[in-house]
Amino acid sequence: MGKISFMRLKGSRSLRLRLLLSTLSSVPILIEDIHAEGTLLGLRPHEISLLRLLELVSDGCVVEINETGTKLKYKPGILLGGRHLVHDCGTSRAVGYFMEPLIVLGLFGKKPLSITLKGITNDSKDPSVDTFKFATLPILKKFGVSADGFSLKINSRGVPPYGGGEVVLSIPIVENSLKAVTWTDEGMVKRVRGETFSTRVSYEFENSLKNSARGVFNQLLPDVYIFMDHRKRDGAGKSPGYGISLRAETTSGCVLSVDTAVFYEEDEDEKKELSSPEDIGEQMALSLIGEIEQGGVVDSTHQGLLFLLCALCPQDVSKVRVGKLSPYGIEVLRHIRDFLGVKFAIKPEPSTETVILKCVGCGLKNLSRKIC
C-alpha cells in the first residue's frame, strides 16, 4: 500500500471547515499547533466531539491525536449515513455547530441520515435549531435537493450552561450531484415570521420578546407573526433561559434570519436578573432589518454554506448575490480554493452595495452509494 500524502496545515482556525472539506474531497490532513498557546492546550471538547461525529457517520475514517492534543491526523472515510444514530454534542457548543457540516455531508452518504443530537439547542454563539429549520434547509432546495426526507424535530430545548436539549435531524441523499444555480434576485420582503422560546422561566418573557419585536416590524409591514414555544419539565432542558429567532421571507423565496438566546453563564448566580426581553426583542428586530438592508439572497450567517454548495455543483457556472462579505465567508472561499481547486470571480455592484460571485463547480458526485 502506498504512503498516504497529507495536506499540512497549522493552527486551530477553521478546524471544522477543514474537516468538512477534507471529508468531501477525500484529502487527508495533518494539522499542527492546535491551540498551542496559553494554559489550555490542544483540541477543545466540541472539536473532539465533532471528530467523533465524523467517525459515527462514516466508515474507514482514521483520527490520530497526539498526547497534548495539539497535533491531529485525519484521514476521511466513506460517508455512510444511516438511521437511528445518536450523538451527544456536549455543552461547550450548541448543536448548530455540528449541524452545519452534517447537513452537507449527509447529502453525499450511502443512505439517508437520521440522527438524534443532544446538547444545547439555543445560545448566542451558534445558529439556533429554529434558524436551521426555517432558513438553512430551504437553501438546499435551491440546489436541487428534494424536500422529501428533510426534517428537524425539536424534542426538547436546552440552553447553556447545562443544555438538556434534543433534536432529530433527517437528511436525504442526492442521487448524483447538486444543481448549479443562478440566484441573484433578492426580491422584496413580503412577511416576517419568528419563534420565541422559554425554558424554566415564566412565559411572560416570551410575551415581552414578541411584543417588542412586533412593535418594530408593524411600522414597516402588516404581515408579521411570531409563534411562542414555552417549554416545561422534560422539554425544558436543564437550564433557565429564553430567546427569539426572526426571519424575513421575500417575494423571490429568500429567507434572511437572526436569532439569539439569553441565559445564565456557568459562574453566574441564578438570582441575578436576566437581560430585559424588551431590549432583546427590539435588538433582534433591528438586527434583521440590518441583514435586509445589506442585500443578498442569504444573510451573513449563511454565506459560507452558500459558497460551499456552489463549489460542490457540477462543472457548470453558478452565480449568486450576497451583501458585504463576512469574515467567515471569506475564510470559506480561501479553503474552497485550497481543497477543491474552485476559484470564485468576485464583482462588487456599487449601485446596490452587493457582491456578485461566480464559479464553476468541482462536480462532486455522490459516489458513496456506489462504492459501498
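Let's start inside the protein: L17, L20, E100, G304, L305, L308, Y328 and V332 line the second largest cavity. Three helices, α1 (15-25), α7 (303-312) and α8 (327-340), each give two or more residues to that lining. Which element gives the most to the lining of this second largest cavity? α7 does, with three residues. Sorted by class, the lining of the second largest cavity has six nonpolar residues, one polar residue and one charged residue. All of this is read from a predicted model.

**Enclosed and open spaces**

The structure holds three cavities of 30 Å³ or more. The largest cavity is lined by E100, P127, F132, T136, T301, H302 and L305.

The lining of the largest pocket has 26 residues, of which R16, R93, K125, D126 and P127 lie nearest its centre. The elements that give two or more residues to this lining are α1, α2 (45-57), α3 (95-107), β15 (255-263) and α6 (277-294).

| Space | Volume | Lining by class |
|---|---|---|
| Largest cavity | about 60 Å³ | three nonpolar, three polar, one charged |
| Second largest cavity | about 50 Å³ | six nonpolar, one polar, one charged |
| Largest pocket | about 640 Å³ | six nonpolar, eleven polar, nine charged |

**An open sheet of four strands**

Now to the strands. Four of them form an open sheet in the order β1-β2-β5-β4, with mixed pairing. From one strand to the next, the twist averages 15 degrees.

The pairing of β1 with strand β2 (residues 29-32) is parallel and runs over four bridges. To locate this pairing in the model, look for L9, which stands opposite I31 in β2.

**Pairings around β16**

With strand β11 (residues 182-183), β16 pairs in the parallel sense over two bridges. Here W183 has V320 in β16 as its bridge partner. With strand β18 (residues 354-360), β16 pairs in the antiparallel sense over six bridges. In that pairing V317 stands opposite V360 in β18.

**The protein as a whole**

Stepping back, the secondary structure comes to nine helices and 18 strands. The radius of gyration is 21 Å, close to the 21 Å that the globule rule gives for 372 residues, so the protein is as compact as a globular protein of that length. Along the principal axes, the C-alpha atoms fill a box of roughly 65 × 50 × 40 Å. How many of the 372 residues count as buried? The share is 55%.

Definitions and conventions. Residues are numbered from 1 along each chain as its sequence is written. This is a predicted model: local features need pLDDT of at least 70, side-chain atom pairs count only at pLDDT 80 or more; totals for chains, interfaces and linings use all residues. Side-chain values use heavy atoms; hydrogens and water are left out. On a 1 Å grid over the protein atoms alone, a cavity is a set of points where a 1.4 Å probe fits but cannot get out, and a pocket is an open set with protein on both sides within 12 Å along at least five of seven lines; lining residues have an atom within 4 Å of a point. Grid points are joined across faces, edges and corners, and a volume is the space filled by probe spheres set on the points. Ala, Val, Leu, Ile, Met, Phe, Trp, Tyr, Cys and Pro count as nonpolar, Asp, Glu, Lys and Arg as charged, and the others, Gly among them, as polar. Two strands pair if DSSP finds at least two bridges between them. Axes are lines fitted to C-alpha atoms, for helices over the stretch in contact, and angles run from 0 to 180 degrees between N-to-C directions. The radius of gyration is taken over C-alpha atoms; the globule rule is 2.2 Å times the number of residues to the power 0.38. Buried means under 20% relative accessible area, exposed over 50%, partly exposed in between (1.4 Å probe, protein chains only).
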